[in-house]
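Thanks for having me this morning. I would like to walk you slowly through one structure, and I will begin with a term that we need along the way.

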Amino acid sequence: MSGAMSGATSGTTSAAVSGAGSAGSSPEVRITVRDLGKTFGTQTVLQGVNLDVHAGETLVIMGGSGCGKSTLLRLLIGSHKPTSGSIKLLGQDIAEIGDVAFDDIKRQFGILFQSAALFQSMSIADNVALPLREHTNLAPEVIEMMVKIKLELVGLRQHADKFPSQISGGMAKRAGLARAMAMDPKILFYDEPSAGLDPVTSAEIDQLIKELTRNFAVTSVVVTHEMDSAFTIADRMLMLDGGRVLKVGSREEFERLRAVSDADVSGLSEDNQIIRQFLRGAAQGPITRRRSADDYREDLLGEEGNEERVTRGAVPTRRI
Ligand SMILES: Nc1ncnc2c1ncn2[C@@H]1O[C@H](COP(=O)(O)OP(=O)(O)OP(=O)(O)O)[C@@H](O)[C@H]1O
Ligand SMILES: [Mg+2]
């Protein structure tokens with residue numbers, strides 16, 4: 001659990017600060033996670049997660065497949081209940097407030113899932129308009145204008161009348177982003193926003209995320225294992241491994257770790273060696289050694305049926 005806490009102290013909410021990247025004074029804390037744990041049956045998927053995310057910053061959550069990234073995201077948006085610990089969104093403990101208050105918070109965050117999850121029977125414009133129609137009493141003309149603004153932001157105004165089946169995967173992601181932005185959220189959650197996209201489209205999505213974060217002081221929490229994307233958009237990064245936070249730190253700290261030469265690796269802690277291997281997408285390192293040791297033990301002894309299992313992360317595939 002050590003190293004899991006960010007530098008910022010909890011609960012020091014300064015309403016005055018909402019600008020992007022507001023360094024120096026204490027920026028508004030929009031998400032606070034304390035000692036969070038999640039167990040499915042006998043499988044511990046997350047344990048001892050501590051985290052603060054501030055106004056106007058982008059936090060990238062990384063880690064191998066199955067290490068608990070999506071589960072963490074689902075806990076943050078309230079679609080899973082924690083087994084232990086607490087989550088505060090916009091200063092409110094989401095386990096303690098009632099449904100009405102949580103609905104109010106929900107209106108202040110947007111979600112972009114791996115599949116853009118657009119309604120196939122509705123045009124792109126209607127998909128974006130949906131949250132506004134459902135959650136506000138705005139006049140239809142006002143909603144129409146707001147939809148146009150959001151579609152222009154993501155470069156889709158000309159395609160407003162198309163249906164999801166008539167647009168490409170990258171356009172669907174952008175439409176999903178426009179919908180997530182429809183209510184001018186304070187927090188945006190993304191799960192693998194560039195998965196399945198070609199490198200150029202993926203870079204465009206990255207730029208869009210950066211612009212939205214900068215121009216609207218949105219707090220973005222992005223799950224990705226695309227390293228190029230992670231280093232492009234992150235202000236801070238969080239590395240999960242086997243449901244545990246190995247490190248939360250600035251992008252620069254992670255860049256330094258990635259740059260450590262082979263000759264200097266032995267001077268790093270085991271956790272930092274794991275992170276370095278992950279960031280470099282290297283075939284050799286502690287993740288690979290650990291995985292083959294696990295397989296061997298399982299082969300010899302079978303799975304330890306009665307013991308609580310902790311999920312392990314895998315090495316990401318490197319994008320060329
Ligand atoms: N609803 C659930 N019920 C039971 N087990 C679950 C559930 N959701 C997730 N898990 C388990 O929790 C572990 C972590 O899953 P999660 O989806 O969070 O991984 P991830 O880090 O997002 O992986 P990926 O990079 O492949 O998307 C997996 O072993 C998964 O099987
Ligand atoms: Mg996932």
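A residue is called buried here if 20 or more other C-beta atoms lie within 10 Å of its own. Please keep in mind, as we go, that what you see is a predicted model.

With that cut-off in hand, look at Ala217, which has 21 other C-beta atoms within 10 Å and is therefore buried. Ala217 sits in the loop between helix 6 and strand 8, the latter being residues 219–223, and its phi is positive, at about 50°, although Ala217 is not a glycine. Most residues other than glycine have a negative phi.

Where else do we find a positive phi in a residue other than glycine? Glu192 is such a case, with a phi near 50°. Glu192 belongs to the loop that runs between strand 7 (187–191) and helix 6 (199–216), and because it has 21 C-beta neighbours inside 10 Å, Glu192 counts as buried too.

Let me turn now to the largest nonpolar core, which holds 73 residues, and in which Val60, Ile61, Val128, Ala178, Phe189 and Leu238 touch the most other members. The element that gives the most to this core is helix 5, residues 169–181, with 6 residues. Since domain 1 (55–73 + 107–250) and domain 2 (262–315) both give residues to the core, it lies between them.

Finally, let us take Ile61 by itself: leaving aside residues up to four places away in sequence, Ile61 touches Lys69, Leu72, Val221, Val222, Val223, Leu238 and Leu240.

Terms used: Residues are numbered from 1 along each chain as its sequence is written. Chains are lettered from A and ligands numbered from 1 in the order in which they are written. This is a predicted model: local features need pLDDT of at least 70, side-chain atom pairs count only at pLDDT 80 or more; totals for chains, interfaces and linings use all residues. A nonpolar core is a set of buried Ala, Val, Leu, Ile, Met, Phe, Trp, Tyr and Cys residues joined through C-beta atoms within 7 Å. A residue is buried if 20 or more other C-beta atoms lie within 10 Å of its own, exposed if 12 or fewer, and partly exposed in between; C-beta atoms are placed from the backbone. Helices (H or I, at least four residues) and strands (E, at least two) are DSSP runs, numbered from the N terminus. Domain bounds come from an automatic or database domain assignment. Two residues are in contact if their C-beta atoms, placed from the backbone, lie within 7 Å.
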